[in-house]
Amino acid sequence: MSSSSPLPAEPLKYPSAASAPDPERFTVHAWSQPLRGLALAARLVALGCLPLFSGWLVMDILTAGLPSALPLRGLGLGVALPWVLATVLRWSAHATAEVEATQLVLALRSGARMELPYDAMESVRPWKLPLPGPGLSLRMKSGRAFAYGLETEDAAPLLEALGRHATLGEAGSHALVRYAQERHALWRRRWYHVVGKHLVYPLLPTAIIFQLNQRITFGSPFGEYQYFGLAAYLRAFGRDFLQVAPFFLLAACLFRVLVEAVSLLAAWLTPSRARGARRGAEWLGRLTYYVGLLALLAARLLS
């Protein structure tokens with residue numbers, strides 16, 4: 001009787017569990033009501049003091065010929081310090097929003113994590129006042145708002161992800177969401193843009209005015225340097241720069257207000273043309289600032 005060797009047992013196969021899709025992650029700023037109120041107050045103080053003390057500085061220059069110390073201190077205390085405070089608060093509010101299958105998870109900079117089930121959400125509403133930036137409020141079915149508002153420069157991708165799991169109401173088509181989306185796409189704000197626009201570019205008209213003063217007063221481009229030395233020459237250039245820079249700063253603030261007003265109005269009235277209106281307003285503002293002001297200065301000097 002021949003013995004047959006037993007067949008090797010096949011490994012048992014279990015149905016593989018469906019792997020959960022990776023959550024979609026978005027960088028946001030999570031603001032509690034007190035911190036958002038403090039940041040909003042700091043921004044408003046800076047925005048209010050900027051035209052006040054810049055205008056004061058301009059009037060001092062026009063009447064006395066020299067900038068006085070009080071408006072310069074006002075610009076430092078009333079504009080620079082609130083701006084630094086708002087920047088620090090915004091840094092502390094940095095967070096990550098994770099859109100999972102059943103809930104929204106908010107990871108704060110402090111390490112805390114909050115889970116918000118979609119079943120508990122009623123709607124998402126854009127902030128009525130887009131400060132310290134455009135943002136969203138999460139309304140709960142209990143009638144209360146979620147403890148943190150989410151600031152995001154472009155809310156459209158986050159709303160699209162949330163819309164696959166939760167009811168958002170009419171947030172996706174809201175005018176402020178369109179306004180913020182076009183603003184994020186067409187207005188790039190980097191530190192070197194600010195430095196170039198408000199510090200480097202005003203050096204050009206300053207140099208023109210300074211050289212005219214040198215030629216008229218001392219008869220040559222380096223007359224003051226030859227008579228009184230390098231320190232006096234640089235001080236004279238600094239005085240001219242302090243006379244020119246506030247004018248350009250005020251003009252830039254005025255043009256920015258007009259650009260944002262036109263863009264917001266276009267988002268409300270003609271949603272389909274919001275991007276074109278923003279692009280046209282941005283280019284017109286740049287052209288007026290970088291070309292129009294120099295043309296106005298040249299006309300003034302030649303008159």
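**Questions on a predicted model: sheet and helices**

Me: At 1.5 Å a residue, what should the 16 residues of helix H6 span, and how far apart are its end C-alpha atoms?
Reply: This is a predicted model, and helix H6 covers residues 203-218. Because each residue contributes 1.5 Å, the 16 residues should span 22 Å. That agrees with the separation of the end C-alpha atoms, which is 21 Å.

Me: Which helices do the buried residues of H6 pack against?
Reply: The buried residues of H6 are Pro205, Thr206, Phe210 and Gln214. The helices against which the buried residues of H6 pack are H7 (223-228), H8 (230-269) and H9 (274-302).

Me: Which residue just after H6 takes a positive phi?
Reply: Helix H6 comprises residues 203-218. Just after H6, a positive phi of about 85° is taken by Gly219.

Me: At what angle do H8 and H9 pack, and are they roughly parallel or antiparallel?
Reply: The axes of H8 and H9 are 9 Å apart, and the two helices pack at an angle of about 165°. Angles over 145 degrees count as roughly antiparallel. The relation of H8 to H9 is therefore roughly antiparallel.

Me: Is the crossing of H8 and H9 left-handed or right-handed?
Reply: Residues of H8 including Phe248, Phe255 and Val259 meet a set in H9 that includes Ala281, Tyr289 and Leu293. The crossing of these helices, H8 and H9, is right-handed.

Me: In what order do the seven strands of the open sheet stand, and which of them are at the edges?
Reply: The pairing in this open sheet is antiparallel, and the order is S4-S3-S2-S1-S7-S6-S5. A strand at the edge has a single partner strand, so one side of it is left without a neighbour in the sheet. The strands in that position are S4 (113-117) and S5.

Me: By how much are neighbouring strands of this sheet turned against each other on average?
Reply: The sheet is open and consists of seven strands. With direction ignored, its neighbouring strands are turned against each other on average by 35°.

Me: Which residue in S7 stands opposite both Ala30 and Leu136?
Reply: Strand S7 (residues 148-151) pairs with S6 in the antiparallel sense over two bridges, and four bridges join S1 to S7, also antiparallel. Ala30 stands opposite Leu150. Leu136 likewise faces a residue in S7, namely Leu150.

Me: What is the bridge partner of Ala97 in S3?
Reply: Strand S2 (residues 94-99) pairs with strand S3 (residues 103-108) in the antiparallel sense, over five bridges. The bridge partner of Ala97 in S3 is Leu106.

Me: Which helix lies across S1, S2, S3, S5, S6 and S7?
Reply: The helix in question runs at about 110° to strand S1 (24-32). Its residues are 156-163, and its name is H3.

Me: Does Arg36 count as buried or exposed?
Reply: Arg36 lies in helix H1 (residues 33-64) and touches Trp31, Trp127, Leu129, Leu131 and Pro132, not counting residues up to four places away in sequence. Its relative accessibility is 15%, and the cut-off for burial is under 20%. Arg36 therefore counts as buried.

Notes:
Residues numbered from 1 in each chain as written. Predicted model: local features only at pLDDT ≥ 70, side-chain atom pairs only at ≥ 80, totals over all residues. Heavy atoms only, no water. Expected span 1.5 Å × (residues − 1). Buried < 20%, exposed > 50% of the residue type's maximum accessible area, 1.4 Å probe, protein only. Contact = heavy atoms within 4.5 Å. Pairing = 2+ DSSP bridges. Axes fitted to C-alpha atoms, helices over the stretch in contact; angles between N-to-C directions. Parallel < 35°, antiparallel > 145°, perpendicular 65-115°, else oblique. Left-handed = near helix turned anticlockwise from the far one by under 90°.
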